[in-house]
Amino acid sequence: MGKARNLKKRVSSYFQKTVHSPRIRLMLSEVGGLDTTVVASENEALLLENNLIKSLKPRYNILFRDDKSYPLLRLSGHVYPRLMFHRGVAVAGDSFGPFPDSAAVRESIDIIQRVFRLRTCADSVFANRSRPCLLHAVRRCSAPCVNLISPSRYVADVAAARAFLRGDIKNISVNLSHDMEEAAKREEFETAAALRDCLRALTVVRAKHFSEDTHAPSADYIGVYHDGVAACVNVVMVRGGRRIGESRFFPENAAGNSEDETVTAFLLQHYRKITPPKKIFLREKPSAKELSAELTIVVARGEAKRRVAFAAENARHALTIKSTQKALRNARLLALAKRLQLSIPPKRMECFDISHSNGEETVAARVVFVDGLAIPAEYRKYKIITDGGGDTAAIGEAVRRCYRRAVAEKTSLPDLLLVDGGVGQVRAARNALRAVGDFPFPVMGVAKGPLRKVGEETLITESGEVMRWPASDPALHLIQEVRDEAHRFAVVGHRKRRDKKRGTSLLDCVDGIGRKKRRQLIVYFGGLNGVIAACEEELAKIEGIGGRLAERIYRMLH
């Protein structure tokens, strides 16, 4: 996870010939895809990255070298609120930010002092002042500590400062412009110049972070992009004033529908499943009358309009990427059909792989790809029961069990079946299929190269023909992706079973032995080897064991 002004340079930097650190090499070996979010500025990207890292805690983002959170600017909840620098979780009162760095917060405090003259002193200082401090003398504080400003006037200044920090600077700018002109008419040129400087500073005092606003109500900002063929709905979620993320939805059968119809269908389906926020901001209000009265739909204005516009831009960006990826998958499928001389590209592909540790806890895995896209919901794992025969027998058992059930339940069958291995695995898979029924789809083996190097795979057909395709062939890239996913899924399944087995004791398999008695036996005999070496009479001496249970333990262990 990271940010960049130039994504091409940032991503390509990981694929240069430069030798990376072990951490980067490991990260690259586990990359499965990329997702991007467009924001208005580099500061927004930095702050959004910080929020995502803290919420998602990605494994490889370890470059933040301290545990400091981004700084906030806070208005306390006193009668005369104090303007202060704050780090950490927002507490009672109004918190604004986060800011990119502490310098931005201190600059904001400086500008607010000059424009709104709010106090910044500690409570202990404020409570014990008998005369104005130096900040009042340089026109940076209105001296509420000695009652030189009424509470109502100070509250008005606080409200103006709050509006400024929320980004509502239009009215403030108008008022400052008016005051500046009035001061110039009175020939108070120093005051007019100060107001002019404040007016200029209002537009550059801080890079307002659209991704974070601790004052916005819980709301969803929905942006839609429709290209006439497909659509994407992007929902930016703000809860408790904090942007918690965004979700992108790609509705099916969107071709020919208008944006209004797409939005209406989304609102009806999406908010039926979740509790809707207080407000839902859209570019335009949908025309449908069947929308629930529980949904508070608001046409975006001002800052909300900007958020909706960025949500729509990210929807366009996501749809473009999705369309590009779909085109790439189609090109790979066409290339594969051409290579295998198939009349049509294989719509559904399934692949089997075997994983074990020297024969221990052998697991077979099946993955499914439809139109070149993985369908994890249809993945399956099989605990191999067959003893001996190695991977060949395991492939045969898994294929037989899988398609026997497919026939019984009348589920979808593949257009192409892949198995990880050579001629033996291919023949085992075909023999297993013949034992179950008549399946017309072809079976192909994918054997790793002599050095298990990517791009040197050997492809084996049922007739025993061996094929080697160029490393740049898109058909081979598709085969590699399917095979690698099957391998990953098999390894994960095997490791879970292996770790579970190694984390249990043989004594757990004995009826009548629970956690307490198992502990008694281990402590008394000094370990499992001592329990195995003990005779029935010695086992029966343990409190709560008895003769019958001792006999069961002895028989189980021997």
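Okay, hi everyone. First, what are we looking at? It's a predicted model, so local features need pLDDT of at least 70, side-chain atom pairs count only at pLDDT 80 or more, and totals for chains, interfaces and linings use all residues. Residues are numbered from 1 along each chain as its sequence is written, and side-chain values use heavy atoms, with hydrogens and water left out.

Let's start with the whole chain. There are 18 helices and 16 strands in it. Those are DSSP runs, numbered from the N terminus: helices are H or I with at least four residues, strands are E with at least two. Of the 558 residues, 40% count as buried. By buried I mean under 20% relative accessible area; exposed is over 50%, and partly exposed is in between, with a 1.4 Å probe and protein chains only. The accessible surface comes to about 31800 Å², and 52% of that belongs to carbon and sulfur atoms. That area is from the Shrake-Rupley method with a 1.4 Å probe, and for residues only the protein chains shown count as cover.

Now, some helices. The expected span, by the way, is 1.5 Å times one less than the number of residues. Which residues of α7 are buried? They are Tyr154, Asp157, Val158, Ala161, Phe164 and Leu165. Looking down the axis of α7, these fall within an arc of 120°, so they line one face of the helix. The arc is taken from the directions from the helix axis to the C-beta atoms.

Next up, α11, residues 303-340. Its 38 residues should span 56 Å at 1.5 Å a residue, and the ends agree, with C-alpha atoms 56 Å apart.

Over in α14, residues 474-502, we find His494. Is His494 buried or exposed? Buried, at 3% relative accessibility. Leaving aside residues up to four places away in sequence, His494 touches Ser355, His356, Ser357, Glu360, Glu361 and Val363, where a contact is heavy atoms within 4.5 Å.

On to charges. Side chains of opposite charge can pair when their charged atoms come close. How many salt bridges does the structure hold? There are 26, each one a side-chain nitrogen of Lys or Arg within 4 Å of a carboxyl oxygen of Asp or Glu. One of them joins Arg332 and Glu481, at 2.9 Å from N to O. Arg332 sits in α11 and Glu481 in α14, so this pair ties together parts that are 149 residues apart in sequence. Arg332 is buried at 18% relative accessible area, while Glu481 is partly exposed at 34%.

Another pair is Arg401 with Glu397, 2.8 Å from N to O. Both lie in α12, residues 390-409, four residues apart, or about one turn of the helix. Here Arg401 is partly exposed at 28% and Glu397 is buried at 4%. There's also a network: salt bridges that share partners join Arg348, Glu350, Arg366 and Glu378.

Last stop: Phe15, in the loop between α1 (7-12) and α2 (22-29). Phe15 is exposed, with a relative accessible area of 59%. That's it from me, thanks!
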